[in-house]
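User: Please examine the model shown below and answer a series of questions about it, giving the criteria behind each term.

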Amino acid sequence: MTTLTRRVLLAGAALLATATAHAETWPQRPVTIVVPQAAGNSPDVLCRIIADKLSRSFGQQFVVENRPGAANVVGTQSVARAAPDGYTFLFATSASLVTNPYTFKNLSYDPVKDFTPVAMVAKSHHVLLVNKDVKATTLPELIALEKAAPGSLSLAVDGPRNISGLIAQSINKQAGTKFVLVPYNTISNAVQDSITGRTQVTIQSASVVEPFIKEGSLRPIAVAGTRRISSLPDVPAISETLKSVDLQGWFMVLAPANTPSDIVQKLSSEIARVLKEPDVQERAPTLGFEVDPGEAVTPVGAKKFLEAELASTGKVIRELGIEPQ
């Protein structure tokens, strides 16, 4: 063995020992989880549930920091540029990872190269709803109502290039309707205008509109995706009427690229355990979340899931003819 080879082997062993020791003692101080949306939105609600559990598990505070702005870009970019030391993570939305790469010409981060997936956490089902005064109780009835007076119904979304906007455009394309998309900067304003009748239809996360459904101010018509959800078992899936509309939101925890793999694995394993706790399993569906990610809760599974979603979402966006801006 040459002197050079011996030095290389010793250096490699030292790095491995350092990484292992780091993971064994991590975390030694508070950990920040960045949510690239405003407080109170569905990803924020779920992240805080998980962060509270992680704080108890590790004996260190997991602090949720909201950094909204520019369609999730501000918060996502901040984590891409953070030190890969295991003290900053991203609670990413599907929009930040698989929509933005196709809708921004010069995106300031790469969803694959700049991050290490930790764990797929949950899916967030979107719901198509109408104002209580709209004379439609099913998606076919709503489509017929719109076609009777094309362009007469306004549909509130959180942006034409976000999940709700893509679902709305897919409905228009597949059903031949002309719902007028009205983009909102804040979800609360979109919901409020739909309740008052300024807009007649909206697409929102189930976790956001659940109280308004209960009080009767918004009526659920259909759920995005391929199947019904446990929190709204009597509401048909959009795919029961329009077979090609299959879009949904989801949330994933990621670390900056080059974060020590042992730390990534340690956090992933604990998130997987937290998601199985009875109170999380019981509460999540009432908020509109599905917290059974299967293999995607592991770093390897999350990476595969992300790559598959990038491909499928890109296909949808291309079929809709949406050009990056």
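User: Does valine 208 count as buried or exposed?

Analyst: This is a predicted model, in which local features need pLDDT of at least 70, side-chain atom pairs count only at pLDDT 80 or more, and totals for chains, interfaces and linings use all residues. Residues are numbered from 1 along each chain as its sequence is written, and side-chain values use heavy atoms, with hydrogens and water left out. Buried means under 20% relative accessible area, exposed over 50%, and partly exposed in between (1.4 Å probe, protein chains only). Because its relative accessibility is 17%, valine 208 counts as buried.

User: Which residues is valine 208 in contact with, leaving aside neighbours within four places in sequence?

Analyst: Valine 208 belongs to helix H8 (residues 206-215); helices (H or I, at least four residues) and strands (E, at least two) are DSSP runs, numbered from the N terminus. Contact means heavy atoms within 4.5 Å. With those neighbours set aside, the contacts of valine 208 are Ser42, Ile187 and Val191.

User: At about what angle to S8 does helix H7 run?

Analyst: Helix H7 (residues 187-196) lies across S5, S6, S8 and S9. Angles run from 0 to 180 degrees between N-to-C directions, and axes are lines fitted to C-alpha atoms, for helices over the stretch in contact. Relative to S8, H7 runs at about 140°.

User: Which strands are the edge strands of the open sheet?

Analyst: The sheet has five strands in the order S7-S6-S8-S5-S9, with mixed pairing. Two strands pair if DSSP finds at least two bridges between them. Pairing on one side only, the edge strands are S7 (180-183) and S9 (218-223).

User: Which residue in S7 stands opposite serine 154?

Analyst: Strand S6 (residues 154-157) and S7 run parallel and are joined by four bridges. Opposite serine 154 stands valine 180.

User: How many charged residues has the contact of H4 with H11?

Analyst: Residues in H4, including Leu97 and Tyr102, meet residues in H11, among them Glu309 and Arg318. Ala, Val, Leu, Ile, Met, Phe, Trp, Tyr, Cys and Pro count as nonpolar, Asp, Glu, Lys and Arg as charged, and the others, Gly among them, as polar. By class, the contact has eight nonpolar residues, four polar and, as charged residues, two.
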